[in-house]
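Trainee: Could you take me through one part of this model closely, namely how its chains meet? I would like one connected account.

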Amino acid sequence: MNKLHISTIINGDAQEFLCDPTATLLDVLRDGIGLTGTKEGCASGDCGACTVVLDGQMVCSCLVLAAEAQGRTVATIEGVAEGAMLHPVQRQFLEHGALQCGFCTPGFIVAAKALLDRNPNPTETEIRYWLAGNLCRCTGYDKIVRAVMDAAAELRQERMPA
Amino acid sequence: MTATAYHAPETIEQAVALLAGNPSARPLSGGTDLIVQMRSGRIAPAAVIDLKRIAGLSGVRRVGDGFAIGAATPCTALKDHAELAAAWPGVVEAANLIGSVQVRNRATMAGNLCNASPAADSVPALVAANATCLIAGPDGQREVPVAAIPQAPGRTSLAPGEFLVEIRLPARGVGDGDAYLRSIPRTEMDIAVVGAGANLTVDAEGRCTAARIALGAVAPTVVLVADAGAALVGSRFDDAAFAALAEAVKAACHPIDDKRGTIAYRKAMAAVLARRVVLTALKRAGAAA
Amino acid sequence: MNAPQKQDGFQVVGTRPVRPDGVDKVTGKALYGTDFKAPGMLQGAVLRSPHPHARIRAIDTRKAEALPGVKAVVTGRDFPSLQSLIMAVGESASDIVHVARNCLALDKVLYEGHAVAAVAATSPEIAREAAALIEVDYEVLPHVLGLEEALADDAPLLHDDVFTKGVSPRPDKPSNASMRVEMGKGDVDAALAGAAVVVSGRYTMEPVHQGYIEPHACVASWNADGQAQIWCSSQGHFAIRSLTASTLGIPQADIRVTPLEIGGGFGGKTTVYLEPVAMLLSRKAGRPVRLAMSREDVFRASGPAPGAVIDVRIGADADGMLVAAEVDFKYHSGAYPAITAHSGVSSAVGHYRIANTRLIGWEVLCNRPATKAYRAPGAPQVNFAVESAIDEIAGKLGMDPLELRLKNAVAPGDPQTSGVPFGMIGWIECLEAARAHPHWSAPLGPNQGRGVAGGYWGNYGGPSTASVSLGEDGSVLVTTGSPDIGGSRAAMAIMAAEVLEVPYEKVRCTIADTASIGFSMVTGGSRVTFATGKAVVDAANMVKDTLRERAARMWGVAAADVEWRDGAAHCTGGDKAGESMAIGTIAARAIFAGGPVSAEAAINAAGWLPGFGVHICDTEVDAETGQVRVVRYTAIQDVGRAIHPDYVEGQMQGGAVQGIGWALNETYIYNAQGKLDNPGFLDYRMPVASDVPMIDTVMVEVPNPDHPFGVKGVGEVPIVPPLAAVANAVARATGVRMHDLPLSPDRVYAALHPEG
Amino acid sequence: MRIVIMPPFDREFFGTDRLDLAATNLFDLVGQLDALAPGFATIAQVRATFAIDGVVTHDWASPLANVTEVILLPRVGGG
């Protein structure tokens with residue numbers, strides 16, 4: 001089998017890997033690189049558990065060929081916290097108890113951060129539609145939506161000039 | 001095991017050569033249908049030809065007073081193009097109903113069209129818009145109406161070695177408006193049970209001077225319902241015109257019973273959505289007038 | 001939100017601290033089923049039946065075995081020969097032979113997706129390719145999917161050794177009816193004949209799936225000496241151990257099961273599908289093997305909840321007193337016998353005082369995957385029918401539906417369906433809370449309707465082991481054998497902190513493997529905070545006694561002269577009176593005063609109580625399209641005592657939304673060939689975030705006197721009322737009563753436009 | 001002592017829903033029931049729950065002196 005050699009930036013670090021031409025980015029992140037925080041729930045783009053940010057756009061990594069990542073940047077759940085500092089979205093998920101089993105949580109956090117990166121003041125409806133590609137079976141979404149709203153408020157506070 | 005090769009050509013000519021060189025090779029733009037089909041084993045192409053590295057294939061540009069949308073342009077990028085979103089809101093909203101934000105950040109209208117699903121959301125809007133597409137192939141390039149691409153579920157009119165380069169939308173004028181609506185059981189993340197696109201022109205007196213109505217998921221391919229458009233033209237969108245529209249739409253529906261909807265429901269929804277989508281397009285046309 | 005606050009004299013119970021495993025789970029560090037990797041691990045693939053019913057004439061694995069990279073191939077013949085043995089499976093019971101056959105078919109396949117053979121290879125791709133090379137010679141048999149079809153005299157028979165249980169005399173012919181349960185009292189026919197109002201109807205639904213986002217996965221490693229390890233995500237690793245040991249005929253002590261984090265279960269991860277197969281592959285290959293299901297596998301071959309056909313007749317007198325109820329239902333059992341009918345029978349009308357009842361439930365075998373527990377298994381289906389009928393009675397009598405329920409509600413001391421009296425239940429309190437809630441009296445918009453429904457679930461206790469030990473610095477380690485699916489580590493830590501009167505942050509909680517803690521039943525049946533919590537409290541109390549005793553010895557006073565307060569021993573008598581010694585000080589010196597401080601409690605917890613819930617739902621119906629939108633929702637539930645309110649509310653909200661999905665769009669769709677037509681999240685339509693509103697919650701607290709802090713199980717109750725709450729809301733919005741779930745747009749449209 | 005046998009155990013094993021037996025504890029009772037319906041004891045361990053004078057118990061060893069009624073009921077599985 002002819003493996004491809006791919007060079008990428010993952011969570012800010014240069015990362016090279018070999019992959020089969022049909023391997024997905026999700027396959028490589030999890031099994032090749034060992035970043036298992038990105039989850040596989042369906043492998044068909046219907047659950048959002050594998051959400052990552054590719055060149056600034058959130059995507060389902062199960063719907064991206066690993067080879068397509070050549071020369072591109074990838075951000076995963078493992079890169080959301082800055083070192084030991086949790087991102088406000090992560091912290092608000094904890095404060096609200098917005099996770100139960102926690103399996104969908106990485107995808108939700110990556111997606112919610114992507115929303116707040118572009119829209120600092122989303123409405124509840126905007127949050128719900130933005131997150132409609134992420135399935136959660138435990139929480140009924142209530143606490144997730146509240147956590148994202150509070151994270152947005154916290155981020156707006158941070159961005160306010162002192 | 002069938003090995004699939006991955007190629008990322010940088011010119012249209014290279015892509016044509018790669019596609020022509022192997023009849024089972026498939027172009028890859030967003031990949032949201034192709035990769036799922038490959039994973040499920042439904043297809044095993046000898047090669048995937050990634051179009052996203054070809055210069056000019058990603059993005060929206062003005063062509064005269066109209067627009068050209070590169071085949072590798074993701075649906076969400078259409079929303080970000082203010083002029084396009086103002087001129088063709090129906091097309092842009094149709095493309096931005098597909099899947100989730102994650103999916104729309106990858107999925108393209110060209111892929112939606114070439115996947116040839118009768119339920120493709122963007123296609124009724126494009127057909128109503130009278131959009132065309134530019135196709136590259138071993139014999140050079142040709143431009144055909146969007147409606148000529150899908151032939152049957154999963155089958156297109158593209159010849160071996162051909163692929164879609166861009167979708168072209170005509171110029172807009174005063175009194176033009178378009179819209180797209182679909183029926184799905186949830187609010188997001190669904191395949192259209194029925195889709196309806198409308199594109200109208202309304203004169204200063206509020207009279208319909210042109211109307212194109214297209215339906216999705218009611219036949220093997222998207223249908224342009226000429227009689228539905230004709231029912232509106234000349235009218236001031238009165239009850240009689242809407243009644244005639246509903247009859248024309250129902251007559252044009254030849255849906256199937258499947259897990260996503262029944263024949264009866266699809267026919268009924270086609271009529272409901274056609275009226276609603278015309279009202280939305282009318283409001284936009286009025287705003288433009 | 002999270003500021004600790006005193007409540008009812010508690011220091012920590014009732015506060016909302018961050019869960020101990022939280023950071024791992026928001027940073028992607030937590031290891032779930034497919035995240036674990038063993039050195040030298042092979043990847044497995046399972047070949048599944050394309051037929052819903054077929055005899056296996058022969059399996060030829062030679063081509064698969066010859067493929068380079070393939071290290072092992074197994075079929076049903078690799079299981080040892082097994083004698084019929086009924087074993088606890090989660091909280092249910094199954095014949096171990098059926099468990100094994102469901103893992104790998106032997107002579108017959110009984111549903112599309114039934115596992116037939118498995119492969120271990122050096123890569124998943126090779127394993128899948130090898131599985132496709134296995135040649136199975138099938139004799140295709142006629143199949144049956146429907147409940148009534150499966151009971152017909154000429155129906156294809158799934159098992160020739162299953163005879164209907166619960167009928168006398170014992171039948172001499174095998175049947176697809178695996179069990180019949182009948183309970184009741186009084187004279188139903190006479191009472192209905194004299195009733196002022198009688199409503200009747202047939203209610204139906206197809207199976208639905210738990211829909212956990214994490215597919216089943218495990219890694220097994222079986223050594224040459226017979227000792228093995230399994231790493232998997234499940235609702236109970238002790239159940240994985242016992243089922244794997246029994247199906248493979250090996251001692252339980254030879255298998256060490258390490259629980260990984262579990263990505264949702266809801267009852268569906270209480271049995272084995274993959275583990276025994278991965279074990280067989282590992283033994284043949286001599287290497288660890290990972291087996292994982294795809295999402296399609298999960299839908300086709302794990303255990304959904306049964307669909308149902310339910311006939312109901314309920315009568316009331318002119319004052320709204322219920323006089324008689326007849327409920328006759330059939331549940332899908334799927335490919336193997338299940339036992340949810342008796343919970344359906346016991347919970348059908350058990351929340352009402354009704355003098356005359358006839359309650360009959362059937363389990364029906366058919367060519368679908370074997371059904372499994374799903375949150376209050378057996379209750380939501382029959383509750384949908386009964387609570388719809390109750391709503392109709394209220395309508396016919398012109399009574400407020402909450403008043404009607406209050407009038408007939410059971411109270412503590414009233415007999416349950418089984419005859420055993422109810423303990424301190426909070427059903428009336430829930431109904432009163434619903435009546436007082438602003439939602440109940442809020443105005444409705446156009447095309448909107450408000451529905452209400454109530455229901456309950458019996459809950460459970462059962463065996464659990466917990467240990468509490470101290471670090472030398474006095475920090476506290478709680479260890480249990482109960483997988484944490486919804487924040488239970490936090491609840492355990494809170495209860496230990498409450499007993500020891502130390503800050504929550506001083507307590508950490510671990511879920512230990514089967515070799516490191518004593519037996520614990522599955523995380524299911526809403527039992528963990530109640531039963532494992534009791535074990536934790538017991539162990540913490542033992543540690544507290546030890547600490548008092550150690551302090552007394554250090555001070556040289558009698559233990560009776562030492563009291564425990566604020567995380568410290570206080571001397572109240574003798575010459576050291578007034579002195580205190582903090583937990584850290586005692587812990588540091590403990591080894592010189594008797595040894596390390598540690599205690600284990602192993603209990604079989606009784607004293608659990610049923611939980612009751614009332615749900616209020618507003619729907620808006622687009623009559624032109626049949627679209628139903630839930631615009632407001634309130635879930636009210638007696639929770640006994642909320643240890644960590646966030647996670648109690650979370651159970652209520654999550655259960656409610658699962659129920660909304662069940663009511664509106666979720667359903668298994670089989671085609672005429674007996675194959676599942678919607679084995680994915682695209683067409684198995686679970687609610688997405690934009691489909692639902694905020695789910696308001698009211699936690700009613702009627703404490704359970706048999707739990708140190710008053711806990712009642714909360715996990716299952718919230719899926720019982722939603723089906724009828726939604727359907728009643730739709731009925732009130734449209735004036736049309738719908739009997740068949742789901743209330744998908746096409747069906748609602750058809751009901752509103754009978755002319756077509 | 002009255003033994004009330006709830007469905008499905010009444011018809012599945014005993015052909016009656018009432019028995020009158022004297023037993024020292026539930027182990028003894030289960031043994032006697034097993035003698036009446038061989039195989040019941042194995043099933044009881046995984047499918048049965050007992051209520052002694054209206055209180056469900058898991059302690060089969062507790063004495064049944066002065067008990068008037070034991071209800072044998074199916075254990076209800078949870079999710």
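Mentor: Happy to, and let's begin with chain B and chain D: no contact joins them, and their closest C-alpha atoms lie 27 Å apart. Bear in mind that this is a predicted model. Chain D does not touch chain A either, though here the nearest C-alpha atoms are 14 Å apart. Contact here is a matter of C-beta atoms, placed from the backbone, lying within 7 Å.

Now to the chains that do meet. Four pairs of chains touch, and among these the pair of chains A and C has the most contacts. On this interface, 46 residues of chain C are in contact with 43 residues of chain A. Looking at the chain C side, the elements that give two or more residues are α1 (22–26) and α18 (645–664) of chain C. Of that side, α18(C) supplies the largest share, eight residues. By class, the chain C side that touches chain A consists of 21 nonpolar, 17 polar and eight charged residues.

Chain A also meets chain B, with 25 residues of chain A in contact with 21 residues of chain B. As for its makeup, the side of chain A that touches chain B has 14 nonpolar, nine polar and two charged residues.

Key: Residues numbered from 1 in each chain as written. Chains lettered and ligands numbered in written order. Predicted model: local features only at pLDDT ≥ 70, side-chain atom pairs only at ≥ 80, totals over all residues. Contact = placed C-beta atoms within 7 Å. Helix = DSSP H or I, 4+ residues; strand = E, 2+ residues; numbered from the N terminus. Nonpolar A, V, L, I, M, F, W, Y, C, P; charged D, E, K, R; others polar.
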